[in-house]
Amino acid sequence: MITIIFAPPRTGKTCFMTHIAHETAFDRQHSKRMQREIMNKTANGFDNLKTVPTHCVAANYDMVFHKYRYSPRFSRRINPFRLGFANDFVQTHFNLPFECIFITEAQKYLNSRMSMYFPDWQSRWYEQHGHNDLDIWLDTQRPMLIDVNIRELSQFIEIMSLEFSYNGYGRIDGLRWHIRRIDNSALFDKYMASGKQDKTCYTEEVVTANYNVFDCYDSQCCKPKFYDGHFDTDFDYSVAEPTEQTAEGYMRYLSENDDELPDGYYQKRGKQVC
């Protein structure tokens, strides 16, 4: 199944998805199905399958899972641009059978505005992911940002609120999400058309984690992207020309160019079009 998790910023989308990943990493039955399938493939002609993983979790961000009496478990790192069938253009991942794949900020990889460029080898992979018993989890602020072909294959979870519980030292020791689960894209479209008021489109649930999910991943992992390319500039002066990097020169530069279209702003397949 493909599941799209959505909610406004800072409402616990990635945290919720990480909790699902944590539960999956310690799901013995799920892991056993994966391990049996790998051993079966090894016995039937796959010569290079040298190891059998302990769990099925893969993601485009790093997670580490802890549980009493278990050694720590780490997520397998994947690049969502490399998910798909083997092809002549991009080297793709060889996914585990029964793998559970978690993709944060999914609109970056499945951008609805770039649907005309969505490669066939990846589109078909999503359409047929169930044949390899894959589960795919995507988080995004708005599902409409996700390619329509993916949305039509998905179920949806909207996070309505997130609550924390604290121990005696003021540290988070539990989380509780109030969610709405929408079973398919037809119900999702109806739900959105009703202004999210149609109660026949969803079921309400409460999901609880009795541990601090934030210990499993770096919730600030996207922060460095805001600083990349600015290591040699001062705050607020990065758009000015080198000869204009004074407060007076900066304000004059902005007043002269505040509606100017930057060169190379519009790109098409990596080539400048305007």
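Predicted model: local features only at pLDDT ≥ 70, side-chain atom pairs only at ≥ 80, totals over all residues.
Val 207 sits in strand E10, which covers residues 203–209.

What does Val 207 touch beyond its neighbours within four places in sequence? Its contacts there are Phe 16, His 19, Leu 175, Arg 176, Trp 177 and Ile 179. One of these partners, Arg 176, belongs to strand E9 (residues 172–182), and Arg 176 will come up again below. Leu 162 lies 45 residues from Val 207 along the chain, and the C-alpha atoms of the two are 9.7 Å apart.

## The chain as a whole

Stepping back, the protein chain has 274 residues, and 39% of them count as buried. It contains 6 helices and 12 strands.

Leu 138 is found in strand E7, residues 135–140. Is Leu 138 buried or exposed? Its relative accessibility is 0%, so it counts as buried. Not counting residues up to four places away in sequence, Leu 138 touches Ile 2, Thr 3, Ile 4, Ile 5, Met 17, Ile 103, Ala 106, Leu 110 and Ile 150.

Gln 122 is in helix H3, which spans residues 120–127. Gln 122 has a relative accessible area of 3% and is therefore buried. Setting aside residues up to four places away in sequence, Gln 122 is in touch with Pro 80, Phe 81, Leu 83, Gly 84, Tyr 109 and Leu 110. Leu 110 is also among the residues that Leu 138 touches.

## Salt bridges across the chain

How many salt bridges does the structure hold? There are 10, and three of them are described here. In one, the side chains of Glu 99 and Arg 76 meet at 2.7 Å, N to O. This pair links distant parts of the chain, with Glu 99 in the loop between strand E5 (76–77) and strand E6 (100–103), and Arg 76 in strand E5, 23 residues away. Glu 99 counts as buried because its relative accessibility is 0%, whereas Arg 76, at 29%, counts as partly exposed.

Arg 176, the contact partner of Val 207, forms a salt bridge with Glu 163, and their closest N and O atoms are 3.0 Å apart. Here the link runs between Glu 163 in strand E8 (residues 154–166) and Arg 176 in strand E9, 13 residues apart. Glu 163 is partly exposed at 34% relative accessible area, and Arg 176 is partly exposed at 36%. Arg 171 and Asp 215 form another salt bridge through their side chains, at 2.7 Å from N to O. Arg 171 is in the loop between E8 and E9, while Asp 215 is in the loop between E10 and helix H6 (247–257), and the two are 44 residues apart. Arg 171 has 42% relative accessibility and counts as partly exposed; Asp 215 is also partly exposed, at 42%.

## A positive patch on the surface

Which residues gather in a patch of positive charge on the surface? They are Arg 28, Lys 32, Arg 33 and Arg 36. Arg 36 lies in helix H2, residues 28–42. With 49% relative accessibility, Arg 36 counts as partly exposed, since exposed means over 50%.

## Two backbone angles to look at

Phe 98 is not a glycine, yet it has a positive phi of about 65 degrees. You will find Phe 98 in the loop between E5 and E6, and it is buried, with a relative accessible area of 15%.

Asp 133, also not a glycine, has a positive phi of about 60 degrees. Asp 133 is placed in the loop between H3 and E7. With a relative accessible area of 37%, Asp 133 is partly exposed.

Notes: Residues numbered from 1 in each chain as written. Heavy atoms only, no water. Helix = DSSP H or I, 4+ residues; strand = E, 2+ residues; numbered from the N terminus. Contact = heavy atoms within 4.5 Å. Buried < 20%, exposed > 50% of the residue type's maximum accessible area, 1.4 Å probe, protein only. Patch = residues over 30% accessible without salt bridge, like charges linked within 9 Å, V, L, I, M, F, W, Y side chains within 5 Å. Areas by Shrake-Rupley, 256 points an atom, 1.4 Å probe, with all protein chains shown as cover. Salt bridge = Lys/Arg side-chain N within 4 Å of Asp/Glu carboxyl O. Lys, Arg positive; Asp, Glu negative; His and termini not counted. Charge placed at Lys NZ, Arg CZ, Asp CG, Glu CD.
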